[in-house]
Every structure is written in structure tokens, then in C-alpha cells.
Amino acid sequence: MAEEKATTEDQKKMEERSLSVFASEKKEDITALIIAFVLAALVIITLK
Amino acid sequence: MNEEKRSPVTLIIGLILLAYALVLRSQNAALAPEGLVALADFLKTGKTLGTQISVGLWSGIIISVVGIWNLAMPSMTSKFDKLVRAPMAGIGMIIALCYITRFYMEPLIKVWGKQAQPALGWDFSSIFGLNYILLGIILGIVWVNTIGIPAWMQAGVKTARLAMKTAVITLGTMYSITELKYLGGLSILMVASFVMGTAIFVLWLGKLAQIPRPLTGVLAAGLGVCGVSAAVAAAPVVKARGVDMAYSIGMLLLVGVVGLFIFPPVAKMVGMNELQFGAWAGTGILNSAQVAAAALIFDPHTIETLKVAEIFNITRILFLPFIVIMLAIWFAKGEEEAEGKVNVNLGKILVDKFPLFVLGFILMFAFSSTGVFTPKGVELHGKSFYSFKIDEKKEVRTRDLKKIQTMMESGAVTDAKVKAALEKLVADKQITSAEQIPLVLKAQDFTPDKDMKKVFQDADKKVQTKPETMEMMREYMMWLFAFGLIGLGMQITWTTIRQAGGKAAMIGAFTGVTKAVLSFFVCWLLIKGSI
Amino acid sequence: MNILVAHDGSEQADKALKRAVDLAVMAKASLSVLSVVPDLCMMELSDDDCKSMYKIMTNESEKKLAALKDDLSKKGVEMDTAVKFGNAADIIIRACTDKKADLVVVGSHGRHGAKKFLLGSVSSKVVEHAPCDVIVVK
């Protein structure tokens with residue numbers, strides 16, 4: 001039993017180990033796209 | 001865990017950034033040349049005070065607010081908490097490191113380099129390219145390999161890749177169609193030959209050295225396409241073992257890091273231009289983030305090199321699915337003899353491995369080519385912005401116009417189109433249309449006189465303009481890159497590099513060096529001129 | 001008596017494991033086998049790639065451990081297994097206390113091939129810092 005517990009703990013650790021705060025690659029890409037557009041929109045609004 | 005959640009770190013970092021910006025601002029307004037402002041004078045960073053204040057103010061306010069929130073309501077379970085509240089402390093810390101490297105370390109080393117020049121005979125800061133990008137990466141590497149990343153910073157470091165992606169997407173706004181066409185063609189040519197060439201070379205070398213097929217496959221993908229990510233993408237297809245992956249990843253990281261530090265000074269020594277270096281870095285360096293890093297180390301103050309290198313990098317990423325498919329076929333062929341069929345879903349590989357952010361890059365390019373980012377009348381041609389509105393300030397000096405006239409009367413200009421363009425220039429006193437630009441610049445070919453050449457270049461420069469919107473976008477993009485690259489440095493760990501081993505390391509080192517050297521000569525000798 | 005042995009997939013580790021099994025059979029001791037998966041995720045790797053890499057590595061270790069367990073139960077040796085992530089030396093040293101091991105068996109060097117420079121960086125660290133006795137298998 002102790003073994004199994006250790007594995008689930010490691011599973012959790014494995015998730016923490018990944019190098020993104022996002023659940024998947026696609027979500028990160030989409031977020032990057034949204035941020036880029038929002039920043040661009042902000043620049044246009046403030047300077048135009 | 002609960003005590004950890006109620007940590008004041010975020011607030012403290014936010015307040016430090018805020019306080020720094022406020023101190024800088026108050027001294028600036030009071031015109032008291034003391035303290036920080038005096039230091040800025042010494043370091044010659046006076047011009048950057050505006051940026052320093054505004055970035056510090058905004059990031060300080062946002063991070064402080066989140067910091068108070070983190071203290072007051074320490075729950076960290078929702079998605080928003082994970083994406084925004086948890087990383088904030090690390091984000092603030094990396095922003096602070098950006099400040100330290102860009103506004104203090106780089107200028108300080110520059111000043112030292114100048115001071116040491118008479119004694120040494122050369123300026124070490126410019127030879128080694130010790131700019132803030134490189135210093136940031138080094139700082140990151142040193143930090144992670146000595147004291148390590150504390151728990152409160154870890155979530156923030158994980159946003160580094162997001163920053164890099166956002167930066168690359170933003171870079172998409174800065175290309176003109178002519179540039180994209182030219183670079184696209186060149187990169188497809190170079191990348192196709194090098195990617196395929198390297199992959200096939202490694203497969204052959206692996207057979208020669210009798211390395212297990214899975215390991216050879218992973219190495220072929222990694223060394224051919226884009227490093228670590230390609231190696232791991234290929235791993236399931238060739239049924240690589242964990243050991244194979246560990247070997248390859250360590251090796252690819254090592255080759256990349258070495259390239260990162262060696263490419264820029266070598267290019268500086270032989271006097272490569274931005275197009276040559278961008279192409280070289282884009283083909284010779286293995287990992288995506290490292291390509292951007294090398295381009296920015298080479299030239300952190302303009303984005304020309306970065307633009308070239310990034311197009312090469314994107315082209316290479318687009319090749320990834322095809323390499324994976326090629327490996328799948330190669331592997332299946334060997335496997336069939338051994339143990340029957342290998343099932344690989346090629347369509348799924350294509351869909352899964354297509355990088356969405358490249359689509360974002362293209363989308364952003366399309367968006368910007370509608371002209372939303374530029375004021376009315378401003379157009380992007382080649383790599384510069386132009387405004388052709390009639391303006392006294394844009395007029396070529398009368399003295400120079402006369403020179404042009406005498407040159408035409410002497411019959412030196414034989415091209416009818418160039419002649420017409422020059423006649424129009426003399427009549428209008430300034431360039432008035434986009435079509436005129438290349439023709440006026442081409443007129444340089446008809447005179448050996450350097451001063452005369454400069455007249456034509458000046459006529460072109462006079463109608464160039466720097467739209468404020470683009471300057472601002474460039475500035476925030478550079479912050480994103482600087483941020484992302486400090487994060488990149490923080491992920492280069494000795495433990496990972498140490499995994500490199502055995503024959504894999506030998507093949508990797510051999511192929512990596514061959515590829516770097518070969519692409520160096522191709523770029524240096526065959527690519528001429530600029531965009 | 002409890003014997004602890006760590007395994008990272010290398011040939012040296014295989015030797016260490018074999019020796020540990022022999023010792024356990026001889027001494028009628030229980031055996032704890034740790035499979036260490038190195039920490040290899042980095043910025044260049046997408047999250048999905050990162051996960052698939054760990055999956056491959058974990059599966060491999062688990063398969064190996066399961067086979068070993070079957071084998072040993074026939075010989076009447078009690079055995080527990082675990083797959084851990086991270087730095088091998090740190091994990092072994094920590095496990096030494098956690099599992100109340102009396103003896104640790106390690107290979108003289110791990111899977112990295114930069115032999116001369118790094119020879120036995122894990123084993124020497126374990127010898128130096130572990131709270132229990134250590135056997136280094138040559």
C-alpha cells in the first residue's frame with residue numbers, strides 16, 4: 001500500500017515538474033497569441 | 001503547505017519594483033543629479049530612465065496588488081490562481097533581474113571595457129558581446145546551478161516559455177512582405193538541405209558505429225531539426241528507451257549551449273552581417289530558444305538579426321513533422337524484418353506536432369500588413385518604414401540635388417528607369433513613392449564616388465520614419481525576450497548536461513560541429529548583401 | 001535487515017542490482033529497489049513531450065521492477081519498489097532514512113559517459129552523506 005501512495009505522489013510531482021503553468025501545449029500557444037494581440041491592441045489604443 | 005501559501009514574497013518584490021520606479025521618478029523631476037540618477041549618468045543609461053520608470057511602475061503596481069491578494073486570500077486552487085497569482089513572485093524576480101542585467105551590469109561592463117581598452121589593447125565587452133541578453137542567460141545558469149531556484153520562484157520561471165512565444169508572435173508584426181518572401185525562400189532552401197542532410201548523415205553514421213536504431217533515430221531528429229523537442233517527438237515513433245532519451249537530451253543541450261556562446265564572437269571576428277549571422281544561427285544552432293538567444297546576443301539593440309534567425313527557426317520547426325514521419329518509415333523498415341508491423345498514425349503526428357504559435361506568428365503578420373500598427377501614410381518597405389508625405393525636412397539638400405543633376409548630365413546613369421526616378425527626385429526634391437526607393441538606391445551602382453553614393457542613401461533615409469507604435473511594440477517585445485531568456489538560462493542545469501554519454505555523445509558532438517562549421521561557410525561565403 | 005539499491009537503467013546499475021539480490025538471498029534480508037528517473041524537462045520541451053518522456057521512462061522502470069519482483073518472490077525474498085524523480089544521490093540518501101535501510105548498494109558510476117571527469121559522482125556523494133553503510137559495486 002505504501003508503494004502505491006508513493007507512486008501517486010510522484011505522479012503529482014511529475015505534473016509539477018513540467019515547465020509550464022498550462023495544462024497543454026496548445027493552451028499555452030493560444031494564451032501567447034491572446035497576450036500578443038492584447039498588447040498590440042493596447043499599443044494601438046494608447047498611441048493612435 | 002498552508003504557511004507557504006501565505007507568503008509575502010510577491011508583495012515584497014512588487015513593492016521593491018514600485019519603490020525603485022518612484023525613487024527614479026522623483027529624482028528625475030527634482031533634477032537632483034544624485035544617487036541613482038548620478039549612477040545612470042556614470043553608466044550612460046540616462047536615456048533609458050523613461051522606460052525604467054514606466055515598466056517599474058506598471059509591473060510594480062500589478063505585482064503588488066497580486067501580492068496583497070496572495071497575502072489576504074491564500075487559496076491557490078483555481079485555474080486563475082495557478083496561471084496568474086502563483087507565478088507572480090517569480091515573474092517579479094525575473095523582471096528585477098532584467099533591470100539588473102540591462103541597466104546596471106551591461107552598462108557597467110561597457111564602461112569597464114572602455115577603461116581597460118588602453119591597457120589591454122582591446123575592448124573585452126564588445127569582443128565577447130557581453131550584453132544584457134548574454135549576461136541574463138549566464139546569470140540564470142549560474143543561479144540555477146549554485147543556489148537553485150527557490151520554491152516561490154518556480155511557477156514564475158515556468159512562464160518563461162510563454163514569454164518567448166508571445167515575443168515571437170509579436171515579432172510577426174515587424175516583417176514586410178518583401179522581407180518575408182526573400183527570407184522564406186532562403187530559409188526553405190537552407191533548412192531543407194541541412195535538415196535532411198543532417199538526418200540522413202546521422203542515420204548513416206549510426207549504422208556505421210553500430211548504435212541501436214532507436215538511439216540513432218532520436219539523434220537524427222534532434223541534430224537535424226530542432227534539438228531536444230524534436231528528439232523527444234521522435235522518441236515514441238522509433239520506440240526509444242529512456243536511456244536513449246536521456247543521452248540525447250543531455251547531448252543536444254550541451255551542443256546548443258556551446259554553440260550559443262561560440263557563434264556570436266566567431267561571427268563578430270569574421271565580420272558577418274545580420275543576414276549571414278541570422279541564417280547561420282538559424283541553421284547551425286539546435287534549439288529554438290537558443291537560436292533567438294544567439295541572434296540577440298549578436299545584436300541586442302536592433303532586431304534585424306533576430307528577424308532573419310526566427311524565420312529560419314520557424315521554417316525548421318515546420319519541418320519537424322516530416323522528419324518524424326521519415327523516421328517512422330525508416331524505423332518501420334528495419335522493424336518489419338524483426339518483429340512484424342509498427343503502427344504509426346502519420347496524420348496524428350502531423351496534427352499533434354504542428355506548432356500553433358507559428359500560426360499566431362503568421363496571423364500577426366497578416367494583421368500588421370493591413371496597416372493597423374502604422375499611422376496613416378506610413379508604409380513598410382524592405383526593412384524600414386517610409387512616409388512619402390511632402391515635407392521640407394525630407395528634402396534633399398540643394399547642393400546634393402545639383403550633384404545628382406551633374407551626374408545624370410555626364411551620362412553615367414545608363415538605366416532608363418533609374419534615370420527617370422532620379423529626374424523625379426530632382427523635380428520633387430524628395431522621394432515620393434515606394435517604387436522610387438530601389439531605383440534611387442540602385443543609382444549608387446553608377447558612381448564610384450563614396451560621397452555621391454551617400455547622397456542617394458541620404459535621400460532614402462530622409463523619407464524613412466520610425467512609427468511610435470512600432471517602437472513601443474519592439475520595446476515590449478525585447479522585454480519579453482529578455483525575460484524568456486533569463487528563464488532559459490535557469491533551465492540549463494548541469495544535471496541534465498551530465499546525462500550526455502557514450503557513443504551518442506560522440507556522434508552528437510561530431511555531427512553538431514560538422515553542421516555548425518558547414519553552415520558557417522555556406523552562410524559566410526554564399527549569402528551576400530542584405531535584405 | 002533491509003537492503004536498499006538504486007537503479008537508473010545503466011549497466012553499472014544492473015551489476016549493483018544483481019549483487020544486492022545475491023546479498024539479500026544470502027542474508028535473507030528484504031530488498032528495497034529504487035528506480036531513479038532523471039529530471040530532464042526544460043524549456044525546449046513542450047509539456048506534452050515532457051509528459052510522454054516521463055511516461056516512457058516510468059513505464060520502463062516499472063516493467064523492469066515488476067519482472068524482478070516476480071523473480072525474487074520465487075526465491076522468497078521480500079521486496080518493495082518505487083520510482084522516483086530527480087537527482088539520484090539525493091534520492092538514495094533520503095531513502096536511506098525513510099526506508100530504514102541498513103545497507104545501500106550503488107554502482108561505481110551511473111549512465112553518464114563522461115567517465116573520467118565525473119566518475120562516481122553519485123556513489124561518492126552517497127558514500128559521503130548517507131547515514132547507512134554503503135557498498136560500491138565495481
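These notebook entries record what I looked up in the structure, which is a predicted model.

**Entry 1. Chain B as a whole**

I began with the secondary structure of chain B and found 26 helices and three strands. I then turned to its overall form: the radius of gyration is 26 Å, close to the 24 Å that the globule rule gives for 531 residues, so chain B is as compact as a globular protein of that length. I noted the extent of the C-alpha trace along its principal axes as about 80 × 65 × 50 Å. Of the 531 residues in chain B, 47% are buried. I also looked up how far apart in sequence the contacting residues lie. Among contacts between residues at least 6 apart in chain B, 78% join residues at least 24 apart.

**Entry 2. The sheet of chain B**

I traced an open sheet of three strands in chain B, with the order β1-β2-β3 and antiparallel pairing. Strands β1 and β3 of chain B stand at the edges with a single partner strand each, so one side of each has no neighbour in the sheet.

I took the pair β1(B) and β2(B) next. Strand β1 covers residues 378-381 and strand β2 covers residues 384-387, and four bridges join them. Within this pair I located B:Glu379 opposite B:Tyr386, and B:Leu380 opposite B:Phe385.

On the pairing of β2(B) with β3(B), I noted two bridges in the antiparallel sense, with β3 at residues 464-465. Which residue of β3(B) is the bridge partner of B:Phe385? I found that it is B:Thr465. A bent helix in chain B

I followed helix α6 of chain B, residues 88-120, and found a bend of about 35 degrees at B:Thr101. After α6(B) comes B:Gly121, with a positive phi near 90 degrees.

**Entry 3. The side of chain B that touches chain A**

I looked up the contacts between chains B and A: 25 residues of chain B are in contact with 17 residues of chain A. On the chain B side, helices α5 (79-85), α10 (160-171), α19 (356-369) and α24 (468-489) each supply at least two residues. Which helix gives the most to this side of chain B? I found that α10(B) does, with six residues. By class, I recorded 13 nonpolar, seven polar and five charged residues on the side of chain B that touches chain A.

**Entry 4. The sheet of chain C**

I then examined chain C, where an open sheet of five strands has the order β3-β2-β1-β4-β5 and parallel pairing. Its edge strands are β3 (79-85) and β5 (133-137), each of which pairs on one side only. From one strand to the next, the twist averages 20 degrees.

For one pair in this sheet, I noted six bridges in the parallel sense between β1 (residues 2-7) and β2 (residues 30-37) of chain C. C:Val5 stands opposite C:Val33 of β2(C).

I also looked up helices that pack on this sheet. Helix α2 of chain C, residues 47-75, touches β2 and β3 of chain C. The direction of α2(C) makes about 165 degrees with that of β2(C). Helix α3 of chain C, residues 88-98, touches β1, β2, β3 and β4 (103-107) of chain C. For α3(C), I recorded an angle of about 150 degrees with the direction of β2(C).

Technical notes: Residues are numbered from 1 along each chain as its sequence is written. Chains are lettered from A and ligands numbered from 1 in the order in which they are written. This is a predicted model: local features need pLDDT of at least 70, side-chain atom pairs count only at pLDDT 80 or more; totals for chains, interfaces and linings use all residues. The radius of gyration is taken over C-alpha atoms; the globule rule is 2.2 Å times the number of residues to the power 0.38. A residue is buried if 20 or more other C-beta atoms lie within 10 Å of its own, exposed if 12 or fewer, and partly exposed in between; C-beta atoms are placed from the backbone. Two residues are in contact if their C-beta atoms, placed from the backbone, lie within 7 Å. Two strands pair if DSSP finds at least two bridges between them. Axes are lines fitted to C-alpha atoms, for helices over the stretch in contact, and angles run from 0 to 180 degrees between N-to-C directions. Ala, Val, Leu, Ile, Met, Phe, Trp, Tyr, Cys and Pro count as nonpolar, Asp, Glu, Lys and Arg as charged, and the others, Gly among them, as polar. The bend at a residue is the angle between axes fitted to the seven residues ending there and the seven starting there.
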